[in-house]
Structures are given as structure tokens and as C-alpha cells.
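The following questions and answers look at how a few structural terms are applied to one protein.

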Amino acid sequence: MSDLLERLRTRGWRLTAQRRVVAEVLDGDHVHLTADEVHARAIERLPEISRATVYNTLGEMVSIGEIIEVATDGRAKRYDPNAHHPHQHLVCSSCGTIRDVHPNGDPLAALPSGERFGFTVSEVEVTYRGLCPDCSRRALSGRQPA
């Protein structure tokens with residue numbers, strides 16, 4: 001489980017009711033919500049929270065490094081609270097479902113020094129793509145995703 005709320009408290013970030021609700025909505029494993037999904041879940045807890053407040057809060061959390069903005073294949077950006085836990089992403093090419101994965105080994109080791117072209121590599125992003133179990137079943141049966 002993500003420790004987002006605790007990280008924000010430790011950082012001394014002012015936790016207004018709106019910020020707290022956004023952080024609570026994002027907390028958990030394999031959480032990759034769009035801003036609109038965050039807003040929809042937030043208004044269930046705090047009906048007066050505005051879409052602008054959600055977008056601004058997400059932007060602030062990204063800028064301070066407490067959440068990661070994940071963009072895949074032209075789909076809406078998603079927000080990942082596991083910013084402090086190194087991981088990669090597994091993305092369904094059909095429905096867009098995203099899962100956090102933790103492959104063995106150092107992903108940088110897969111890049112031979114001759115392929116670095118003199119770059120000093122500071123970070124690696126790997127995205128695995130395929131079909132989730134539901135989309136695989138639909139593909140086998142010839143049905144379209146919901």
C-alpha cells in the first residue's frame with residue numbers, strides 16, 4: 001500500500017480537507033486513476049470539492065514528487081502514488097488497465113554501454129504492454145472491450 005498521506009504529513013504539507021481527500025483517494029496498491037476518476041471518488045467523500053481543486057492538488061503533488069504522472073498511448077494521464085517505490089508499469093493495450101510491477105534486476109543493466117551514446121543515464125522507465133486477462137478472454141471469444 002502507498003504511504004502517500006503519511007509522506008505528505010511528514011513533509012509538513014498543509015493538509016486541507018480537500019487535499020486530504022485527494023490523497024486518501026489515491027492511496028493504495030496499483031492505483032492509477034485519471035484526474036476525473038479522482039474527482040468522482042473525492043466528491044463521494046467531500047461533495048463540495050471542485051474539479052479545479054482536484055486538478056490543482058494533483059499538479060502540486062506531482063511537482064513536489066509525491067505522485068507520478070503516468071501517460072500511456074495518448075490516453076488520459078493517470079496518477080500513481082507509489083513515487084518512492086521503484087517500479088515499472090504493465091499496461092493493457094486494449095482497456096488501459098495499469099499494474100505496478102517489480103522486475104528482478106537493474107533495468108539499466110539491460111542497456112549495453114555501447115548503446116548509451118555517451119549519456120550518463122539517471123533513470124529508466126520501462127513499460128510492458130499486452131492484454132489483461134479480461135481483454136485476452138474477450139479477444140479469444142471475439143468480443144470487444146467494454
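Q: At what angle do the axes of α2 and α4 cross?
A: The axes of α2 and α4 come within 10 Å of each other and cross at roughly 70°, where axes are lines fitted to C-alpha atoms, for helices over the stretch in contact, and angles run from 0 to 180 degrees between N-to-C directions. This is a predicted model, in which local features need pLDDT of at least 70 and side-chain atom pairs count only at pLDDT 80 or more, while totals for chains, interfaces and linings use all residues. Residues are numbered from 1 along each chain as its sequence is written, and side-chain values use heavy atoms, with hydrogens and water left out.

Q: Why is α2 called roughly perpendicular to α4?
A: Angles of 65 to 115 degrees count as roughly perpendicular, under 35 as roughly parallel, over 145 as roughly antiparallel and the rest as oblique. The crossing angle is roughly 70°, and therefore α2 is roughly perpendicular to α4.

Q: Which residues make the contact between α2 and α4?
A: With contact meaning heavy atoms within 4.5 Å, α2 takes part through Q18, R19, V22, A23 and L26, and α4 through T53, V54, T57, L58, E60 and M61. By class, this contact has six nonpolar, three polar and two charged residues, where Ala, Val, Leu, Ile, Met, Phe, Trp, Tyr, Cys and Pro count as nonpolar, Asp, Glu, Lys and Arg as charged, and the others, Gly among them, as polar.

Q: Which residues touch the most other members of the largest nonpolar core?
A: They are V22, L26, L58 and M61, in a core of 22 residues. At least two core residues come from each of α1 (4–11), α2 (17–26), α3 (35–45) and α4 (51–63), and α2 gives the most, with five. A nonpolar core is a set of buried Ala, Val, Leu, Ile, Met, Phe, Trp, Tyr and Cys residues joined through side-chain atoms within 4.5 Å. Leaving aside neighbours within four places in sequence, M61 is in contact with L4, L8, W13, R19, V22, A23, L26, E66 and I67.

Q: Is H32 buried or exposed, and what makes it so?
A: Buried means under 20% relative accessible area, exposed over 50% and partly exposed in between, with a 1.4 Å probe and protein chains only. H32 has 6% relative accessibility, so H32 counts as buried. H32 lies in the loop between α2 and β1 (33–34), and its C-alpha is 5.0 Å from that of D80, although the two are 48 residues apart in sequence.

Q: How many helices and strands does the protein have?
A: There are five helices and six strands, counted as DSSP runs numbered from the N terminus, with helices (H or I) of at least four residues and strands (E) of at least two.
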